Amino acid sequence: MLMRRGMLGLLVINLIIGLPRMANAAVPEYISAAVADPSRPADDRRVDVDRKPAKVLAYAKVHPGEIIAEYLPGGGYYTRLLSDIVGPKGKIYALETTSWGDKNVDSTRTVLREPGRGNITLDLAPLGTFNLPEKVDLFWTTLNYHDLHIPKYANVNMAAFNKLVFDSLKPGGIYFIVDHQAAPGTAATTSPTLHRIEDRTVIDEVTAAGFKLIGHSNMLRNAGDDHHKEVFDPSIHMKTDQFILTFRRP
C-alpha cells in the first residue's frame with residue numbers, strides 16, 4: 001500500500017511538473033521562420049512583442065498545406081504569417097468586407113501584390129457574410145468578431161453568421177477567435193463604443209451554432225487593462241486584455 005501511494009504521489013508530481021511544458025510547447029520551425037520573414041512590414045514587427053504571433057500560431061496548431069479562411073484580415077498582420085506557414089500547397093482565403101470602404105480593401109490587396117502571395121485569394125462581401133469555393137480546415141479571425149455587433153457597420157444576424165462559418169468548415173475543422181475582453185456583465189453592449197466583447201458572449205453564440213469549445217487561452221491576458229477604455233486609447237493600444245477561443249466543428 002505504501003509503495004502504491006508513493007508511486008501515485010510521484011505520478012502526480014510528474015504531471016504537475018509536466019503541465020507547464022505542455023502549455024509552453026516548442027514553436028515549430030515553420031512558424032518561427034514565418035515570424036522572422038524579413039519581408040514583414042516594420043509596423044507588424046513592432047507589435048510582435050504584444051501580439052505574440054509565434055505562440056498564438058503554435059497554440060492554434062496552424063501547419064503547412066492547410067486551407068484557411070481569414071475573416072477581416074485588415075492590414076494583413078496575420079495574413080502574411082498564415083500565407084508563409086501554409087506554403088504553396090496550402091491556401092488562404094482573405095475574406096474582406098466592402099462595408100468599410102476602399103481603403104480597408106486596398107490594405108488587403110497590398111498583401112496580395114507582394115511576391116510569394118500566390119496562395120492568397122481575396123473575397124469581398126458585406127459585413128456578416130462571405131463566399132468560399134470550398135470547405136476549409138481553419139476559420140481564423142483576430143480582433144474583429146466584436147465588429148459584427150456594431151449596428152452602424154451592419155445589422156448582422158450572429159446565429160446566421162456562425163452557422164455560415166460552421167458550414168464552411170470541414171468536419172473536425174477549427175474556428176479560431178481572438179478578441180478584446182470586455183468588462184464583466186457587459187456582453188457585447190460595449191462593442192459599438194469600446195470595440196470589446198465578453199468571451200462568455202462569444203462562447204454562447206458560437207456553441208449555439210453547433211461548435212464545441214476545445215480551448216480557452218489567457219496567453220494574451222493583460223490584467224492591467226482597463227476594460228472601460230476604448231481599445232484604440234493610446235495607453236492600451238495593442239496591449240489590451242485579450243482572450244483566445246478555439247472551437248471545433250464536430
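Glutamate 96 stands opposite leucine 124 in strand 3, and strand 2 pairs with strand 3 (residues 120-125) in the parallel sense over six bridges, where pairing requires at least two DSSP bridges between two strands. This is a predicted model, in which local features need pLDDT of at least 70 and side-chain atom pairs count only at pLDDT 80 or more, whereas totals for chains, interfaces and linings use all residues. Residues are numbered from 1 along each chain as its sequence is written, and side-chain values use heavy atoms, with hydrogens and water left out. Helices (H or I, at least four residues) and strands (E, at least two) are DSSP runs numbered from the N terminus.

The count of aromatic pairs comes to 16; rings of Phe, Tyr and Trp (its six-membered ring) pair if their centres lie within 6.5 Å, with planes under 30 degrees apart counted as stacked, over 60 as edge-to-face and the rest as tilted. Two of these pairs are tabulated.

| Pair | Centre distance | Plane angle |
|---|---|---|
| Tryptophan 100 and tyrosine 153 | 5.3 Å | 65° |
| Phenylalanine 139 and tyrosine 175 | 5.5 Å | 90° |

Tryptophan 100 lies in the loop between strand 2 and helix 7 and tyrosine 153 in the loop between strand 4 and helix 8, so their pair ties together parts 53 residues apart in sequence. Phenylalanine 139 in strand 4 and tyrosine 175 in strand 5 are 36 residues apart, and both are buried, that is, under 20% relative accessible area, with exposed meaning over 50% and partly exposed in between (1.4 Å probe, protein chains only). Ring pairs also link phenylalanine 139 and tyrosine 175 into a cluster including Tyr71, Phe161 and Phe211.
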